[in-house]
Amino acid sequence: RAHRPGDGTWRLGQRAAARALGTSPRSLRRALTAEGTSFAAELDRFRASRAGLWLHALDDRALAERLGFADARSFRRAFVRWNQCTPAAARDLTPR
């Protein structure tokens with residue numbers, strides 16, 4: 001899980017995640033490796049799930065900011081990788 005401070009953004013770093021879980025970053029890496037995954041893979045899954053939940057509520061810029069992407073373009077590229085369509089197309093294809 002990611003940590004959400006009061007400003008509505010998400011702290012998505014491995015160090016912050018380890019701190020929120022009460023463990024060290026190294027222990028978190030070992031645990032994830034034992035489960036056959038990585039922090040990057042879990043972060044990607046988290047972002048994809050949240051993007052789907054918030055797709056109709058937020059525009060691309062706001063989604064990018066909330067999910068910790070550098071900009072809306074980076075978010076759109078990731079969204080296409082996850083869903084094989086753009087956020088705009090997904091909004092048109094899915095009910096609110």
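Student: Which residues does threonine 23 touch, not counting residues up to four places away in sequence?

Tutor: Threonine 23 touches Ala18 and Leu28, where contact means heavy atoms within 4.5 Å. The model is predicted: local features need pLDDT of at least 70, side-chain atom pairs count only at pLDDT 80 or more, and totals for chains, interfaces and linings use all residues. Residues are numbered from 1 along each chain as its sequence is written, and side-chain values use heavy atoms, with hydrogens and water left out.

Student: Why does threonine 23 count as partly exposed?

Tutor: Its relative accessibility is 32%. Buried means under 20% relative accessible area and exposed over 50%, with partly exposed in between (1.4 Å probe, protein chains only). Threonine 23 sits in the loop between α1 (14–21) and α2 (25–34). Helices are DSSP runs of H or I with at least four residues, strands are runs of E with at least two, and both are numbered from the N terminus.

Student: What makes α1 roughly perpendicular to α2?

Tutor: The axes of α1 and α2 come within 8 Å and cross at roughly 90 degrees. Axes are lines fitted to C-alpha atoms, for helices over the stretch in contact, and angles run from 0 to 180 degrees between N-to-C directions. Under 35 degrees counts as roughly parallel, over 145 as roughly antiparallel, 65 to 115 as roughly perpendicular, and the rest as oblique. The crossing angle lies in the 65 to 115 range, so α1 is roughly perpendicular to α2. At this crossing, Gln14, Arg15, Ala17, Ala18 and Leu21 of α1 meet Pro25, Leu28 and Arg29 of α2.

Student: How do you know that α3 and α5 are roughly perpendicular to each other?

Tutor: α3 and α5 pack at an angle of about 90 degrees, with their axes 11 Å apart. That angle is within the perpendicular range, so the term applies to this pair. The residues that meet are Asp44, Arg47, Ala48 and Ala51 in α3, and Phe75, Phe79, Arg81 and Trp82 in α5.

Student: Which residues does tryptophan 82 touch, not counting residues up to four places away in sequence?

Tutor: Tryptophan 82 touches Asp44, Arg47, Ala48, Ala51, Phe69 and Phe75.

Student: Which residues of the largest nonpolar core touch the most other members?

Tutor: Of its 15 residues, they are Ala51, Leu63, Leu67, Phe69, Phe75, Phe79 and Trp82. α3 (39–54), α4 (60–67) and α5 (72–83) are the elements that each give two or more residues to this core. A second, separate core has 6 residues, including Ala18, Leu32, Phe39 and Leu43. A nonpolar core is a set of buried Ala, Val, Leu, Ile, Met, Phe, Trp, Tyr and Cys residues joined through side-chain atoms within 4.5 Å.

Student: Why does aspartate 60 count as buried?

Tutor: Aspartate 60 has 12% relative accessibility, which is under the limit for buried, so the term holds. This residue is in helix α4, whose buried residues are Asp60, Ala62, Leu63, Ala64 and Leu67. The buried residues of α4 pack against α3, α5 and α6 (87–93).

Student: What joins the side chains of aspartate 60 and arginine 76?

Tutor: A polar contact of 3.4 Å. The term requires a pair of N or O atoms within 3.5 Å; within protein, one must be able to donate a hydrogen and the other to accept it, and residues adjacent in sequence count only if both atoms are side-chain atoms. At 3.4 Å the pair is within the limit, so the contact qualifies.

Student: What caps the N-terminal end of α4?

Tutor: Aspartate 59 does: one of its side-chain oxygens lies 3.3 Å from the backbone nitrogen of arginine 61. Just after α4, glycine 68 has a positive phi of about 85 degrees.

Student: Why is alanine 72 called buried?

Tutor: Its relative accessible area is 17%, under the limit, so alanine 72 is buried. Alanine 72 is in helix α5 and touches Asp60, Arg61 and Ala64, not counting residues up to four places away in sequence. The C-alpha atoms of alanine 72 and aspartate 60 are 5.5 Å apart, although the two residues are 12 apart along the chain.

Student: Is glutamine 84 buried or exposed?

Tutor: Glutamine 84 has a relative accessible area of 64%, over the limit for exposed, so it is exposed. Glutamine 84 lies in the loop between α5 and α6, and its phi is near 60 degrees, a positive value in a residue other than glycine.
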